[in-house]
Amino acid sequence: MDSFLIKGGVPLRGEVTISGSKNAALPILAATLLTAEPCIIRRVPDLSDTRYMVKILESLGATAKFEDGTVTVHAKKIKGYADYDLVRKMRGSICIAGPLLARLHKARISLPGGCIIGARPINLHLKGFAALGAKIKIEGGYIDATAKKITGGSMFLGGRAGPTVLGTANVMMAASLGEGITVIESAACEPEVVDLANFLNAMGAQITGAGSPTITIQGVTKLHGAEHEVIPDRIETATFIIAAAATNGEVTVKGGRADHLRAVLDKLNEANVSVERKGADMVVKRKGKLKPVDITTLPYSGFPTDVQAQMMSLLALAPGISILTERIFESRFMHVSELARLGAEIEIEGPSAIVKGGKPLSGAQVMASDLRASAALVIAGMAAKGSTQVNRIYHLDRGYEKMDEKLKQLGARIQRVEGS
Ligand code: EPU
């Protein structure tokens, strides 16, 4: 397993270019299963997760090519069966269910299981499919979904923690290729949902309201091939902005979308970090001493759960008390004990982490537990004195394209150590 060896204390300086969004690319790639015609998806980040999604499409019978950020998929003839081994490695693979159900009227897909950040149920996905006219059976760890036809229907997709991103995506995909009108209430408003709706509309779907809590879909009998460019990754953008602030550097972030990051930029401003927009670029630097802030993660347009860990690393450097409350995933504090190994003082109280910031961090060996926790440890390692080794960075490779190379270009002393 690879690790990163970081020599901390170097302020990041220079320019970084943001890649395409992982969480937009995954459902968009799955949506190519809705048509027998070829689709071309551009600005797909080259990650183990996107490569894996391409592998899933191939194992379902599609032909696919991933070259220079462009994925070409031709799902001429496909099967509707995905076994446990295929699905369990990546939770995002559940978004093949909607397209398979709509295209083949029958899908047998293994339940993906939970993951380190929480239980991650899919009851809302299944509730949505049922509202579209599907019959759902769960047996032996598999979902058997059948539908003579997708009839469309009205549904409320809000759950315990609010709307579901991939659940909304799954229902939107299934309802696009069917009959009747579907109305999703309490739909996820994330930019990734809007990007998927734009791709589906380019394929001939009739979706309105994506980006708002009410999405309306008029089913159509056929979808055709289309080309699409994936939106920039807002979580990668936030990660580099926070890394620049944590190392007290000055970085120009190119290709990101500030309008997708309003809640993050607002909290950074409160923390005394300036993110100035210069045309399409964002220039990041500290305004002065970092200040503590309180944050609660929420569905979009609230503060994203996917940025909570990275922000915690920054706030560990801000003198005073910051409270981070996690409202989306119940066990998304695995980074806390690792940040403590670097000297951060953080206590967990129920869904909140209380950060007593301002103590200098010093390098140590740490273990990455999930994708965003890994990013948080890399940020903390770069801000710490001395050497930090972040182990198990395969988590990071799932969701950040060439992170070590991009950081090196900004002057970070970071090295990938293979097989340690
Ligand atoms: N939930 C249910 N029932 C469901 C589905 C979700 O109760 O049927 C709950 C979840 O347990 C959670 C909440 O609803 O408490 C929100 O989960 P959501 O379904 O929105 O998460 P997701 O769609 O599975 C995507 C991203 C995650 C990101 C979340 C929240 C992808 C591939 N994954 O997951 O990204 O954290 O939305 O924004 O798009 C990451 O990139 O590191 C990552 C984990």
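**Close-up 1. The hairpin of β8 and β9 in the predicted model.** In this hairpin, two residues lie between the strands, and Gly-140 takes a positive phi near 60 degrees. Strand β8 (residues 135–139) pairs with β9 in the antiparallel sense over five bridges, where pairing requires that DSSP finds at least two bridges between two strands. Within this pair, Lys-137 stands opposite Asp-144 in β9. Strands (E, at least two residues) and helices (H or I, at least four) are DSSP runs, numbered from the N terminus. Because this is a predicted model, local features need pLDDT of at least 70 and side-chain atom pairs count only at pLDDT 80 or more, while totals for chains, interfaces and linings use all residues. Residues are numbered from 1 along each chain as its sequence is written, and side-chain values use heavy atoms, with hydrogens and water left out.

**Close-up 2. The pairing of β7 with β9.** Strand β7 (residues 106–110) runs antiparallel to strand β9 (residues 142–146), and five bridges join the two. Here Ala-107 stands opposite Ala-145 in β9.

**Close-up 3. The shell around the ligand.** The ligand is surrounded by 24 residues, of which Asn-123, Leu-124, Thr-164, Asp-306 and Ile-328 are the closest; a residue is near a molecule if one of its heavy atoms lies within 4 Å of it. Helices α1 (22–31), α5 (123–131), α6 (165–176) and α12 (371–383) each supply at least two residues of this shell. By class, the shell has 12 nonpolar, five polar and seven charged residues, with Ala, Val, Leu, Ile, Met, Phe, Trp, Tyr, Cys and Pro counted as nonpolar, Asp, Glu, Lys and Arg as charged, and the others, Gly among them, as polar.

Close-up 4. Polar contacts are pairs of N or O atoms within 3.5 Å. An oxygen atom of the ligand is 2.6 Å from an N or O atom in the side chain of Asp-306, and a ligand oxygen atom is 3.1 Å from an N or O atom in the side chain of Lys-22. For the side chain of Arg-160, the distance from an N or O atom to an oxygen atom of the ligand is 3.5 Å. The protein covers 93% of the 820 Å² of accessible area that the ligand has on its own, as computed by the Shrake-Rupley method with a 1.4 Å probe.

Close-up 5. The domain assignment, which is automatic or from a database, gives domain 1 (3–19 + 232–417) and domain 2 (22–229). Their C-alpha centres lie 30 Å apart, and the contact (heavy atoms within 4.5 Å) takes 24 residues from domain 1 and 24 residues from domain 2. The shell around the ligand draws at least three residues from each of these domains.

Key:
Polar contact = N/O pair within 3.5 Å; in protein donor to acceptor, adjacent residues only side chain to side chain.
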